[in-house]
Amino acid sequence: MPPVAIPWTKLPFVFDPVGLQEDLQSIPSQAWVPHFNPQDYSGEWSSVALRSRSGRADDITAQGAVEDFHDTPLAAQCPHLWAAVEAFELPLKSVRLLRLHAGSRVREHCDRDLRLDAGELRIHIPVATNKDVEFIVANRRLELGEGEAWYIDFSQPHRIDNRGDTDRTHLIIDGTLNDWAIALLQRALSEVVTESFEPERMASLRRFREQVFNDEGLQTELLKITDREKFLDAVVGAGRERGFAFELSEVESEFNERRRGWVERSVGA
Amino acid sequence: MNFSDWMPARVAWRGEEPRVEWTLMRRQRLLDSFFEETLQRQMMHPFHHVFRRDSSMEEMVEWTEAHPGARVGGVIFHMSRCGSTLLCRQLAALERNIVASEPAPMDDVLRAAMRMSGLTREVQVRWLRAMAAAIGQPRNGEQTFYLKTDCWHVRHADLLSEAFPEAPRIFLYRDPVEVIVSQRRMPAVWTVPGMLHPNALGMEFSDWDPRETDVYCARALANICEAGLRAAQSDPRCLLVNYSELPEAMYGRLLGHFGLREEHVPAMRVAAQQSAKVPGMPFERDDKAKQSEATERLRTVVAEHLQPVYDRLEAARRTQMRAPEVVSA
């Protein structure tokens with residue numbers, strides 16, 4: 001086991017985005033299938049598999065044991081993508097391309113089963129992205145660049161919002177943790193600097209909260225609304241009236257994180 | 001930062017750094033049987049999640065130095081299931097009093113050393129004072145703050161004496177058979193080692209055996225009673241009180257001890273008519289019912305682990321009651 005829980009780290013690999021994108025463009029548009037869990041996203045979110053349980057490219061479920069998975073015909077058709085996959089010397093499960101279309105978003109959620117301590121490792125390699133993709137994990141914005149490789153602990157709350165006008169596609173490799181992967185993570189932690197940023201609209205919410213802390217009238221007004229959905233909308237409205245840019249997803253995230261903190265407060269005491 | 005309307009709800013840990021989370025309390029009084037109940041109800045409203053505030057411990061210290069809380073007028077240690085809630089209800093019946101019953105943020109500070117290597121006693125004492133001042137803000141002009149601790153905190157009695165040297169203390173206890181019967185009916189979370197670290201009770205994980213949960217409970221209670229006895233023997237301002245003396249002791253030897261006067265008695269008598277944990281039900285002595293529920297095995301466990309320390313507590317209490325009245329500040 002790695003010595004510490006790792007929230008995220010860039011990995012010491014760089015792949016040539018030109019080759020990766022060439023492969024991406026070679027995949028016919030009809031091969032892509034809509035992602036499952038439609039309640040988790042709005043807009044369009046689609047996928048194809050290079051390795052799947054059935055060996056078919058349109059089978060995009062990721063659950064299963066290592067021996068259940070087989071390469072799909074796309075693996076051989078995409079040599080640059082596959083070379084990137086093979087750089088990771090771990091027992092492979094599913095390998096997929098996930099595409100979040102321009103203007104689409106994945107709502108905040110946690111993937112509880114994707115944890116290092118469960119022996120699961122998920123690696124992201126951005127193939128095509130844009131500067132307006134907001135990739136936010138545990139309320140920190142991560143800037144995942146094309147051709148980079150990332151490990152991220154997705155049991156943390158995360159959300160993705162593609163506010164740009166091009167689609168965002170990541171190569172996503174699932175595998176089980178082995179000694180090689182542990183050594184890789186340890187090397188990444190000691191050698192790679194991974195920056196993260198406070199998301200701009202979270203900073204805006206933070207400033208708004210400070211204002212509420214000192215405004216009895218506004219506190220009273222907001223305390224009148226007990227219904228959760230109406231309350232969260234009212235917070236967004238009150239912020240907008242006062243010139244704050246945060247949106248519902250920020251308020252929801254703050255609520256979820258604080259509520260989780262409260263509910264789990266005595267765990268491990 | 002101004003925390004006048006705010007109350008510490010919990011201490012959250014960011015690695016080794018403690019952060020105080022405050023909730024908007026305004027002029028609400030702590031009138032539930034437990035601090036936790038008031039907070040639970042508060043947290044039903046989404047406002048109190050989105051708009052909880054954070055501060056460092058030192059920010060809390062600074063703020064409370066400028067805004068002292070009500071005078072700490074008493075610390076109530078107890079063995080659990082022995083009438084401490086009744087006693088708190090009596091004290092809270094007086095509008096001049098703030099009574100915090102087992103507030104989790106105090107527990108967080110008392111156990112901070114487990115989270116934070118290198119926490120000095122001096123710093124911990126400063127945090128305890130600040131936390132009591134923050135919880136005990138005179139939101140309605142109250143004068144006195146009473147703290148009822150969690151039952152295992154009597155093991156930190158020396159730390160709390162150092163933090164609140166001026167505050168009179170008591171250790172409340174009860175016939176151990178009755179306490180264990182009550183724990184059996186409705187076990188407290190601390191009786192399960194996964195819920196409270198056994199260290200807090202002077203126990204080890206290996207002391208717990210699913211076939212012998214009464215033994216774990218009895219041994220933990222014995223450690224609590226030993227600590228209560230030590231506190232009373234090393235500190236003349238720590239009175240031993242038996243459940244059998246309630247509620248009358250409040251109008252007798254505890255009245256002056258807790259800095260109260262005859263004029264305060266009637267309101268406390270009314271409060272004592274109520275069952276402490278089930279509002280609306282009258283308080284009734286239930287020692288007979290509890291004694292009749294005790295099995296032979298349970299009596300054997302008590303005889304082995306708890307009876308000796310209980311007998312010593314009783315002997316020490318009798319000595320205290322014979323001694324001339326302790327002068328209270």
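This is a predicted model: local features need pLDDT of at least 70, side-chain atom pairs count only at pLDDT 80 or more; totals for chains, interfaces and linings use all residues.
Local features need pLDDT of at least 70, side-chain atom pairs count only at pLDDT 80 or more, and totals for chains, interfaces and linings use all residues. Side-chain values use heavy atoms, with hydrogens and water left out.

**A:Ser253**

- A:Ser253 sits in helix α8 (residues 248-263) of chain A; helices are DSSP runs of H or I with at least four residues, strands are runs of E with at least two, and both are numbered from the N terminus.
- Its relative accessibility is 1%, so A:Ser253 counts as buried (under 20% relative accessible area; exposed is over 50%, partly exposed in between; 1.4 Å probe, protein chains only).
- Leaving out residues up to four places away in sequence, A:Ser253 touches A:Glu108, A:Asn139 and A:Arg159 (heavy atoms within 4.5 Å).

**Strand β4 of chain A**

- Strand β4 (residues 45-52) of chain A is mostly covered, with eight of its eight residues buried.
- β4(A) pairs antiparallel with strand β2 (residues 33-34) of chain A over two bridges (pairing needs at least two DSSP bridges); A:Pro34 has A:Ser46 as its bridge partner.
- Six bridges link β4(A) antiparallel to strand β6 (residues 92-100) of chain A, where A:Leu97 stands opposite A:Val48.
- Strand β5 (residues 70-71) of chain A also runs antiparallel to β4(A), joined by two bridges; here A:His70 faces A:Ser52.

**Aromatic pairs**

- The count over all chains is 19 aromatic pairs (Phe, Tyr and six-membered Trp rings with centres within 6.5 Å; planes under 30 degrees apart are stacked, over 60 edge-to-face, the rest tilted).
- A:Phe208 and B:Phe51 have ring centres 6.2 Å apart and planes at 65°, so this pair is edge-to-face.
- That pair crosses between chains, from helix α5 (residues 200-213) of chain A to the loop between α2 (47-50) and β3 (53-56) of chain B.
- Both A:Phe208 and B:Phe51 are buried.
- Ring pairs also gather A:Phe208, A:Phe231, A:Phe244, A:Phe246, B:Phe47 and B:Phe51 into a cluster.

**Charges over rings**

- A:Arg265 lies over the face of A:Trp262, 3.8 Å from the ring centre (NZ of Lys or CZ of Arg within 6 Å of the centre and within 35 degrees of the ring normal).
- B:Arg174 lies over the face of B:Tyr243, at 3.7 Å from the ring centre.

How values were computed
Residues are numbered from 1 along each chain as its sequence is written. Chains are lettered from A and ligands numbered from 1 in the order in which they are written.
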